[in-house]
Amino acid sequence: MCVGFLFLLFFTDNVSTQKCSYQDVLDYLNLTKSNEVYTLTRPVLNHKNPTLVEVAVTFYAVLEVYWTNERISWKPEQFCGINHVTIPSEIVWKPDIIIAEMIDKDKVPPSPYLILYNTGEIYFKNDQVLVSTCRMQMYHFPFDIQSCNLTFTSVIHPARELQLRPWGNSSSTKNWSLLQPQDVWQLLNVTVTHFNHSTMDDREQIITMKRRSVLYIFNLILPLLFFLCLDVGSFLISDSGGEKLSFKVTVLLAVTVLQLILNEILPSMSNKIPLIATFCIVIFGLMLLSLLETILVMYLREKDSLPQENEANRNKDHSLMEDSESNFQNCDEEEKKLTRCACICDVSGGDTPCELLPVPEEGGSRKPTGESQGIALILEELREMEKTLTLFFNNKEKGEETGYWTRVARRLDLAFFVCYVVLITVFLVSVFGMWDNA
């Protein structure tokens, strides 16, 4: 009974003296802001020992860094199994890792804490907004695949003091959970290469990504193809009026608007002209050539229509002259019929002169002048309608017998249409073949 009591007293005394708080660990390590041992120098016991820093990048731009502080270690069993503590990041030394391609200062505040493990390993995770330079090949836009480099290096420490290696010690990132999807780009792979220069130790990550092209297909390529089909369909419109010409001009202006949109999308600097720019320019050129062909065809048809109009005008003037002459003759005859004069002379009187007296026609009566003029006007209008109808049917019969320039215009229009369709087909097959190979 007494032995058991002594054992219980000894056990509870050990438990009460055991340290189980994070502060006990920090007190044991003497890890405070005033202790310059952990902040002023690189954390190695021998200056010949390099500090291994593991670097990992998680998109969107999360920089994860691992390194070992040789001055820090403790046994977890002495502190109730505590194997790591979270401490402020400014009380320990941190490697000066930068990205060489960064062109803008990081505006995100640094992470205020880091994790310290009992073996001396330190894990620091820092969120960054990365703006870097990348030489892009835009020839196959929007079906392009780009490769951008991120070079991690130290500002001060040479390769013998600070060595960089990828997290997990692998040459290629296979953990696809690190590659978070984006709206514009689809990340394909991240390959890590090592450059051990005489002064600095650099690690380069080659990020391969593919552009999501669905948005550009529906907003740019398909509208261009639709306008091209409308231009081909405009050949079915008659050339006699101006509707075909105005329709082609409208379609050409719509393509110009799409070219302005493309100019805003594409970067201003490129080694080669992008294939989609060539696609737009060629389609614009084909539509412009089609417009010029329509103008030429309308001009040739106009050359045949001018002589016909002149002949019709001459026939109309001749018919009007004949009508005026016939009306004048009818009026003279009517005046002779309605009025007759007789001469009566009194020879016996000697002094009385001869006098003209109107004598009515035998067996007839004189008609009123107003009715005769109305009938003459009605007859004149009927004759005018008859001549107009005759002229219309004559012109229609002559129109069926097309002129020389009209026949030339029809043959030219047919030949151009065939060549136009063949040229469009060959061009589209070539362009889409290049995009498919990309």
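## Overall make-up and confidence

The secondary structure of the protein comprises 7 helices and 13 strands, and of its 438 residues 31% are buried.

The mean pLDDT of the protein is 75, with 69% of the residues scoring at least 70. Among the elements, helix H3 has the highest mean pLDDT, at 92, whereas strand S12 (residues 341–344) has the lowest, at 42. The pLDDT falls below 50 over residues 169–179, a stretch that has 18 contacts in the model beyond near neighbours in sequence; it is also below 50 over residues 335–367, where the corresponding number of contacts is 20. Where pLDDT is low, the predicted coordinates should not be read in detail.

## The pairing of H3 and H4

The axes of helix H3 (residues 214–233) and helix H4 (residues 243–265) come within 10 Å and cross at roughly 160°. Because angles over 145 degrees count as roughly antiparallel, H3 is described as roughly antiparallel to H4. The crossing of H3 past H4 is left-handed.

On the H3 side, the contact is made by Tyr216, Asn219, Leu220, Pro223, Leu224, Phe227, Leu230 and Asp231, while H4 contributes Phe247, Lys248, Val251, Ala254, Val255, Leu258, Leu262 and Ile265. By class, the residues of this contact divide into 13 nonpolar, 1 polar and 2 charged.

## Isoleucine 276

Isoleucine 276 is found in helix H5, which spans residues 275–338, and with a relative accessible area of 0% this residue is buried. Leaving aside residues up to four places away in sequence, isoleucine 276 touches Phe141, Pro142, Leu220, Ile221, Leu262, Leu266 and Trp435. Of these, Leu220 and Leu262 also take part in the contact between H3 and H4. The C-alpha atoms of isoleucine 276 and leucine 262 are separated by 8.7 Å, the two residues being 14 residues apart along the chain.

## Lysine 48

Lysine 48 is found in the loop between helix H2 (22–29) and strand S1 (51–58). Its relative accessibility is 61%, so lysine 48 counts as exposed. The C-alpha atoms of lysine 48 and arginine 160 are separated by 7.8 Å, although these residues are 112 residues apart along the chain.

Methods: Residues numbered from 1 in each chain as written. Predicted model: local features only at pLDDT ≥ 70, side-chain atom pairs only at ≥ 80, totals over all residues. Heavy atoms only, no water. Axes fitted to C-alpha atoms, helices over the stretch in contact; angles between N-to-C directions. Helix = DSSP H or I, 4+ residues; strand = E, 2+ residues; numbered from the N terminus. Parallel < 35°, antiparallel > 145°, perpendicular 65-115°, else oblique. Left-handed = near helix turned anticlockwise from the far one by under 90°. Contact = heavy atoms within 4.5 Å. Nonpolar A, V, L, I, M, F, W, Y, C, P; charged D, E, K, R; others polar. pLDDT = per-residue confidence, 0-100. Buried < 20%, exposed > 50% of the residue type's maximum accessible area, 1.4 Å probe, protein only.
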